[in-house]
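Here's a quick briefing to read with the structure open beside you. Take it topic by topic and find each part as you go.

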Amino acid sequence: ETGVTQSPTHLIKTRGQQVTLRCSSQSGHNTVSWYQQALGQGPQFIFQYYREEENGRGNFPPRFSGLQFPNYSSELNVNALELDDSALYLCASTIWGGHTNTEAFFGQGTRLTVV
Amino acid sequence: AQKVTQAQTEISVVEKEDVTLDCVYETRDTTYYLFWYKQPPSGELVFLIRRNSFDEQNEISGRYSWNFQKSTSSFNFTITASQVVDSAVYFCALSEDSGGGADGLTFGKGTHLIIQP
């Protein structure tokens with residue numbers, strides 16, 4: 001086990017609602033990244049948080065937002081849910097060195113279903 | 001833009017056979033990092049290896065080995081004497097050395113490896 005924990009493990013929401021997913025990072029890691037993995041696809045980078053600020057973002061709209069707390073845990077918030085947001089959401093923790101991350105350790109994911 | 005291609009969608013072999021998973025990448029950076037992850041049915045991505053672009057030495061870890069060739073932009077993964085527990089989806093990924101912001105990992109679409117008893 002990696003020490004990265006996510007909650008909840010499964011979630012069902014209705015289109016248009018908002019959702020918050022949570023992640024606690026591995027001890028000693030200062031950076032949290034979030035990924036979206038659609039069925040049968042590889043994970044796609046949503047964003048990364050370092051020192052409580054977003055320091056990198058993939059090709060996702062602003063309705064995907066996040067927070068990082070002083071203890072390095074993190075939240076992913078998605079507003080105005082769409083059916084295509086149904087996916088496995090993975091949290092990864094790393095140590096950010098200014099130019100690159102160490103290897104990422106992932107949580108078990110949150111399976112979000114939007115109906 | 002960076003890209004990772006795993007052309008093999010699914011591979012099925014009988015236990016104890018050797019199997020190679022292919023990975024081809026594209027990047028304009030001279031400094032970059034390559035990874036392999038294993039995803040069992042539970043969903044968690046398990047880190048297997050990280051290799052930087054300046055280290056082309058092949059690596060062996062038990063039954064696992066990796067062949068990195070910059071000339072062909074490939075980073076292939078071989079499992080020797082496969083076991084049923086090796087059944088999973090395997091992802092190859094790439095990250096570039098950024099100028100300050102983070103671009104995250106770019107993953108391939110994965111190869112579903114099935115080891116039959």
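How many helices and how many strands does the secondary structure of chain B come to? The count for chain B is zero helices and 12 strands. Keep in mind that this is a predicted model.

**Chain B as a whole**

- Going along the sequence, chain B reads β-β-β-β-β-β-β-β-β-β-β-β.
- Chain B has a radius of gyration of 14 Å, close to the 13 Å that the globule rule gives for 117 residues, so chain B is as compact as a globular protein of that length.
- If you box in the C-alpha atoms of chain B along the principal axes, you get roughly 50 × 30 × 20 Å.
- Buried residues make up 48% of the 117 in chain B.
- Chain B exposes about 5600 Å², and 48% of that area is supplied by carbon and sulfur atoms.
- Take the contacts in chain B with a separation of 6 or more: 56% of them come from residues 24 or more positions apart.

- Strands of a sheet pair through backbone hydrogen bonds, and they can do it in a parallel or an antiparallel way.
- S12(B) pairs with S2(B) in the parallel sense, over five bridges. One spot to look at is B:Ser12, whose bridge partner in S12(B) is B:Ile114.
- S12(B) also pairs with S10(B), here in the antiparallel sense over three bridges. In this case B:Tyr90 stands opposite B:Thr111 of S12(B).
- In a regular strand, side chains alternate between the two faces of the sheet.
- Which residues make up the covered face of S12(B)? They are B:Thr111, B:Leu113 and B:Ile115, while B:His112, B:Ile114 and B:Gln116 make up the uncovered face.

**The nonpolar cores**

- The largest nonpolar core has 24 residues, and B:Trp36, B:Trp66, B:Phe77 and B:Tyr90 have the most contacts inside it.
- Several strands of chain B give two or more residues to this core, including S2 (10-14), S5 (32-39), S9 (74-79) and S12 (111-116).
- Which strand gives the most to this core? That's S10(B), with four residues.
- Zoom in on B:Phe77 and leave out residues up to four places away in sequence: B:Phe77 touches B:Val19, B:Thr20, B:Leu21, B:Trp36, B:Leu48, B:Tyr64, B:Ser65, B:Trp66 and B:Tyr90.
- Another core lies apart from this one, with 19 residues, among them A:Val4, A:Leu21, A:Tyr89 and A:Cys91.

**Over in chain A**

- Chain A has an open sheet of four strands in the order S1-S3-S8-S7, with antiparallel pairing.
- Its edge strands are S1 (5-7) and S7 (64-68) of chain A, and each pairs on one side only.
- On average, neighbouring strands of this sheet are turned by 20° against each other, ignoring direction.
- Inside that order, S3 (residues 19-24) and S8 (residues 74-78) of chain A run antiparallel and are joined by five bridges. Look for A:Thr20, which stands opposite A:Asn77 in S8(A).
- A:Leu11 sits in strand S2 (residues 10-13) of chain A. Not counting residues up to four places away in sequence, A:Leu11 touches A:Val19, A:Leu21, A:Arg111, A:Leu112 and A:Thr113.
- How many Å lie between A:Leu11 and A:Gly56, C-alpha to C-alpha? They are 26 Å apart in space and 45 residues apart in sequence.

Note on methods
Residues are numbered from 1 along each chain as its sequence is written. Chains are lettered from A and ligands numbered from 1 in the order in which they are written. This is a predicted model: local features need pLDDT of at least 70, side-chain atom pairs count only at pLDDT 80 or more; totals for chains, interfaces and linings use all residues. Side-chain values use heavy atoms; hydrogens and water are left out. Two strands pair if DSSP finds at least two bridges between them. Axes are lines fitted to C-alpha atoms, for helices over the stretch in contact, and angles run from 0 to 180 degrees between N-to-C directions. Contact means heavy atoms within 4.5 Å. A nonpolar core is a set of buried Ala, Val, Leu, Ile, Met, Phe, Trp, Tyr and Cys residues joined through side-chain atoms within 4.5 Å. Buried means under 20% relative accessible area, exposed over 50%, partly exposed in between (1.4 Å probe, protein chains only). The radius of gyration is taken over C-alpha atoms; the globule rule is 2.2 Å times the number of residues to the power 0.38. Accessible areas come from the Shrake-Rupley method with a 1.4 Å probe; for residues, only the protein chains shown count as cover.
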